[in-house]
Amino acid sequence: MSIAPIPVQSIAEHPRLVVVVNGRPRAGKDTTVTLMQAHFTIAGWTLVEFSSIQPVKDLMLKAGVITPKDLAEKSDELRDMLAEIGDSLQKFNGFRTRGVVDRFNGLAWRTEGPLVLVVHMREPILIEQLRATFEAKGVPFKVVVVKNDRVPAITSNAADAGVEGTEIG
């Protein structure tokens with residue numbers, strides 16, 4: 001997995017940034033991203049969101065394993081299944097982290113002006129793999145953890161159970 005080479009002058013003229021947003025389900029991550037969108041838009045940046053689990057959801061929808069109604073309900077069983085399948089695909093070929101890098105590469109070449117890719121990802125080990133990949137290529141990488149003690153921690157699956165161990169920065 002590697003970041004496509006970006007001409008040095010392009011980086012100087014068109015800054016790139018990757019921000020992972022993490023936190024418990026219903027903690028306010030979407031609200032945080034909405035506020036980030038407003039801030040970056042005013043500053044002249046393009047902000048694009050990408051969920052690292054979305055390609056797994058897309059596969060399960062296409063295979064007929066789940067329905068849009070299942071996705072809307074967001075049950076613990078669904079979260080657990082998606083986490084397990086995502087973990088298996090990640091172990092097999094880096095499917096989830098590769099998906100983020102591929103999304104970034106596509107956007108980096110097509111987007112005029114400054115770009116921030118906001119990635120929804122929960123697993124601390126995957127976040128650190130992404131950090132190492134992007135920072136090795138000189139792409140700034142930040143993690144925003146949304147904390148809200150009014151929502152209970154979900155520990156029914158590995159993805160949500162690992163949220164509490166995510167480092168900010």
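Predicted model: local features only at pLDDT ≥ 70, side-chain atom pairs only at ≥ 80, totals over all residues.

User: What share of the residues of the chain count as buried?
Analyst: The accessible surface of the chain comes to about 9,100 Å², and 58% of that area belongs to carbon and sulfur atoms. Among contacts with a separation of 6 or more, residues 24 or more positions apart account for 78%. Of the 169 residues in the chain, the share that counts as buried is 44%.

User: Which residues does Met-121 contact, leaving aside its neighbours within four places in sequence?
Analyst: Met-121 is one of the residues with the most contacts inside the largest core. Once its neighbours within four places in sequence are left aside, the residues in contact with Met-121 are Val-20, Val-21, Asn-22, Ser-52, Thr-97, Val-100, Leu-126, Ile-127 and Leu-130.

User: Why do the buried residues of H2 line one face of the helix?
Analyst: An α-helix has 3.6 residues a turn, so residues three or four places apart point the same way. In H2 the buried residues are Lys-29, Val-33, Met-36 and Phe-40. Seen down the helix axis, the buried residues of H2 line one face because they fall within an arc of 60°.

User: What covers that buried side of H2, and which exposed residues are on the face turned away from it?
Analyst: The cover over the buried residues of H2 includes strand E1 (16-23), strand E2 (46-51), strand E3 (115-120) and strand E4 (141-146). On the face turned away from the buried side, the exposed residues are Thr-31, Thr-34, Leu-35 and Ile-42.

User: How far apart are the end C-alpha atoms of helix H2?
Analyst: Helix H2 has 14 residues (residues 29-42), and at 1.5 Å a residue it should span 20 Å. The computed distance agrees with that expectation, because the end C-alpha atoms are apart by 20 Å.

User: Is the pair of Phe-40 and Trp-45 stacked or edge-to-face?
Analyst: The structure holds three aromatic pairs. In the pair of Phe-40 and Trp-45, the ring centres are 5.5 Å apart and the planes stand at 65°. Planes over 60 degrees apart meet the cut-off, so the pair of Phe-40 and Trp-45 is edge-to-face.

User: How many residues apart in sequence are the parts that the pair of Phe-104 and Phe-134 ties together?
Analyst: Phe-104 and Phe-134 form an edge-to-face pair, with 5.0 Å centre to centre and 80° between the planes. Phe-104 counts as buried because its relative accessibility is 0%, and Phe-134 counts as buried at 0% as well. Since Phe-104 lies in helix H6 (residues 95-110) and Phe-134 in helix H7 (residues 124-136), the parts that this pair ties together are apart in sequence by 30 residues.

How values were computed
Residues numbered from 1 in each chain as written. Heavy atoms only, no water. Phe/Tyr/Trp six-rings, centres within 6.5 Å; stacked < 30°, edge-to-face > 60°. Helix = DSSP H or I, 4+ residues; strand = E, 2+ residues; numbered from the N terminus. Buried < 20%, exposed > 50% of the residue type's maximum accessible area, 1.4 Å probe, protein only. Expected span 1.5 Å × (residues − 1). Arc of directions from axis to C-beta. Contact = heavy atoms within 4.5 Å. Areas by Shrake-Rupley, 256 points an atom, 1.4 Å probe, with all protein chains shown as cover. Core = buried A, V, L, I, M, F, W, Y, C linked by side-chain atoms within 4.5 Å.
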